[in-house]
Amino acid sequence: MSTASEGIGERRYVGGVEAATPRSILSVSDVSRYFGGVTALENVSMALNAGEITGLVGDNGAGKSTLVKLISGVIPPSAGHIEFDGRPADFASPSQARTAGIETVYQDLALAGNMTVWANVFLGRERFRGPRFLHLLDKKAMIVAAREMLGRFQMNVPPIEGNVDGLSGGQRQLISIARAAAWGSKLIIMDEPTAALGVAETQAVEGVIRTLKDRGFSVLIISHNLDQVFRLTDRIWVLRRGRMIGERRTAATDPNEIVSMITGARAGNGEVA
Amino acid sequence: MAQSMAGPQQSTSSFSQGLRRNGILGAFIIVVVALALTKQQFWSIENITNILQQNSVIGIIACGMTFAIIIGGFDLSVGATAAMASVVCAVVMTTSGQFGVPLGVGAAIAAGIMVGAINGALIAYLRINPFVATLGMMTIIRGLVYVSTNATPVFGVPYEFTNLGLGKIYGAPIVTLIFAAIALLLGAVLQLTRFGHHVYATGGNARATSVMGIDPDRLRFLTYVLVSVCAAISGVLLVGQTASGQPQAAMGYELTAIAAVIVGGASLGGGYGRMFGTVIGVLLLGVVSNGLNLFGVSPFWQPVATGVILILAVGLDRTRRD
Ligand SMILES: Nc1ncnc2c1ncn2[C@@H]1O[C@H](COP(=O)(O)OP(=O)(O)OP(=O)(O)O)[C@@H](O)[C@H]1O
Ligand SMILES: [Mg+2]
């Protein structure tokens, strides 16, 4: 019973009509990307349903990270086009993608270790008090709000006023994810969110990702851990050597089939090029 | 679910940071008490005002330098910039008649902004390493100052202007009041405003700030402008102290200022430092050099003392962290 999208919305997908057909939040059409002579992606198409967790899998160098970078505005596609939430998604920068509602969780590199947890949650989106032009930080409000944002997830909240420096990988990931979820985003993209984590922390972060779905977010997750992909996702897309091999409903497939699609041992009946 | 889990590493790291800050303050207090106990003259009003008077000009430079170091760089051109500002200030004052004083001060600050903009553009936009960029600017500026003055001082500054450099209000040297005001203002900018916050973030992880939509290059640019403006203010105060523009002024101030900031707890790697620490660093170096003076030690020993304190401060901090 993998629920196609109920379009659950504490957010904006109310409406009720879509209950039967999944509503598409992101569609990638015939996208290619070249780096000099290297073809990273060729005629790739993919569609994400609102309110679902979608997995993107493929071997090393298959083009997963490149596809994510195209969606989140880090680099532009060489050809093809992407539509997000009904509008063309030709973002010139990650901040434009963020404004449109796409948040990307970067492993580690987007936290400033020398700063407090609350400062990281609010980095670039600070709250102010007093005369506007002075940009005086409203620390109290940010501390309270950050505590509340992190507290929404079933996970130990690190000390809000302590530095990020001393935190474990899982706690850092919690901060990054909570930050992504806090800003009215619709789609949250995670590139190998548990790659550097131990067993317990991986479990905790998976719990956080499920919470995201329960709260109505759409999630795109890249992972090399197939067990994890099967635990978390509603739908799986497979890339191989820059081409989209196909899509499966998680409930209607099994790891063997996905492995063969990844490696090319047996052709999946991919609809797309 | 919420709260809980004050990770052990977490509390030790903020503990050692506290110790570090208070360690500098502790060292400063110990030196002051030791000098007060061993040398009566030390604790006299004249001597204290003297120390403040002598260290305020470099203190202002150190306040600006704190920003550069927190953002992960530093500025070697501040001494030359101060000298240039003092010469520009003196020349404009002596040649512009009635409104010479405000015009001179304005011209000096404008010169500072210009130098800062060049430093900032070289470092932030042309990605030239801060050491190379500011070392180059230091020698270029000092050279231009010598060329344009033939290395001779510019005299003829209105005598009243020395009130600024040497005057006192209720016994407090005016330069020290200016130093205090700048330290308070810039300390508040660092701790309370978005700009300061983003300077720390850039120094800690420039990649993270740019991913979050902040422009680290713009912050670096503005930081170097700020540093040079502080240096230019110091240059103006030097004119006030000597009633002349001095091409050789502020020689070596860049290294003393950097030393003071580091002694005050900032890290050359960027991301850490506080204005309060910088002020204590400046005062500690000043008090030690005054103490050497009182004990009749040759002034040639003073740079030796500064170097020893710098290495001790950083070394002790390292052992405390491990
Ligand atoms: N900036 C770049 N310049 C040149 N080639 C690149 C660049 N980025 C990616 N590539 C190439 O594009 C291809 C796809 O890389 P990508 O990082 O998207 O793979 P991936 O599926 O994320 O792999 P992994 O699982 O190892 O992370 C690779 O051949 C890679 O070498
Ligand atoms: Mg990758």
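How many salt bridges does a search of the whole structure find over all chains? The search finds 13 of them, a salt bridge being a side-chain nitrogen of Lys or Arg within 4 Å of a carboxyl oxygen of Asp or Glu.

The structure is a predicted model, in which local features need pLDDT of at least 70 and side-chain atom pairs count only at pLDDT 80 or more, while totals for chains, interfaces and linings use all residues. Residues are numbered from 1 along each chain as its sequence is written, chains are lettered from A and ligands numbered from 1 in the order in which they are written, and side-chain values use heavy atoms, with hydrogens and water left out.

**View 1. The shell of residues around ligand 1 in chain A.** Ligand 1 is surrounded by A:F35, A:A40, A:D59, A:N60, A:G61, A:A62, A:G63, A:K64, A:S65, A:T66, A:E192 and A:H224, where a residue counts as near a molecule if one of its heavy atoms lies within 4 Å of it. These residues divide into three nonpolar, six polar and three charged; in this scheme Ala, Val, Leu, Ile, Met, Phe, Trp, Tyr, Cys and Pro count as nonpolar, Asp, Glu, Lys and Arg as charged, and the others, Gly among them, as polar. Helix α1 (residues 64-71) of chain A supplies the largest share of the shell, three residues; helices (H or I, at least four residues) and strands (E, at least two) are DSSP runs, numbered from the N terminus.

**View 2. Polar contacts of ligand 1.** A polar side-chain atom of A:T66 lies 2.6 Å from an oxygen atom of ligand 1, and polar backbone atoms lie 3.0 Å from a ligand oxygen in the case of A:G63 and 3.2 Å in the case of A:A62. A polar contact is a pair of N or O atoms within 3.5 Å; within protein, one must be able to donate a hydrogen and the other to accept it, and residues adjacent in sequence count only if both atoms are side-chain atoms. On its own, ligand 1 has 640 Å² of accessible area, of which the protein covers 61%; accessible areas come from the Shrake-Rupley method with a 1.4 Å probe, and for residues only the protein chains shown count as cover.

**View 3. Two salt bridges of chain A.** Side chains of opposite charge can pair when their charged atoms come close. A:E42 and A:R243 meet through their side chains in a salt bridge, at 3.7 Å from N to O. Because A:E42 lies in strand β2 (residues 38-49) and A:R243 in strand β12 (residues 243-249) of chain A, the pair ties together parts that are 201 residues apart in sequence. A:E42, at 24% relative accessibility, counts as partly exposed, and so does A:R243 at 36%; buried means under 20% relative accessible area, exposed over 50%, and partly exposed in between (1.4 Å probe, protein chains only). In the second bridge, the side chains of A:R231 and A:E206 meet at 2.7 Å, N to O. This pair links distant parts of the chain, 25 residues apart, with A:R231 in helix α7 (residues 226-232) and A:E206 in helix α6 (residues 199-214) of chain A. A:R231 is partly exposed at 44% relative accessibility, whereas A:E206 is buried at 3%.

View 4. A:T211 is found in helix α6 and is buried, its relative accessible area being 13%. Its side chain reaches the backbone oxygen of A:G207 at 2.7 Å.

**View 5. The salt bridge between B:R127 and B:D217.** The closest N and O atoms of B:R127 and B:D217 are 2.9 Å apart. B:R127 lies in the loop between α4 and α5 of chain B and B:D217 in helix α10 (residues 216-242), so the pair ties together parts that are 90 residues apart in sequence. B:R127 counts as exposed at 57% relative accessibility, while B:D217 is buried at 13%.

**View 6. Positive phi values in chain B.** B:Y170, a residue other than glycine, has a positive phi near 50°. B:Y170 is found in the loop between β1 (168-169) and β2 (172-173) of chain B and counts as exposed at 88% relative accessibility. For B:A243, also a residue other than glycine, phi is positive and near 55°. B:A243 lies in the loop between α10 and α11 (253-263) of chain B and is buried, with a relative accessible area of 19%.
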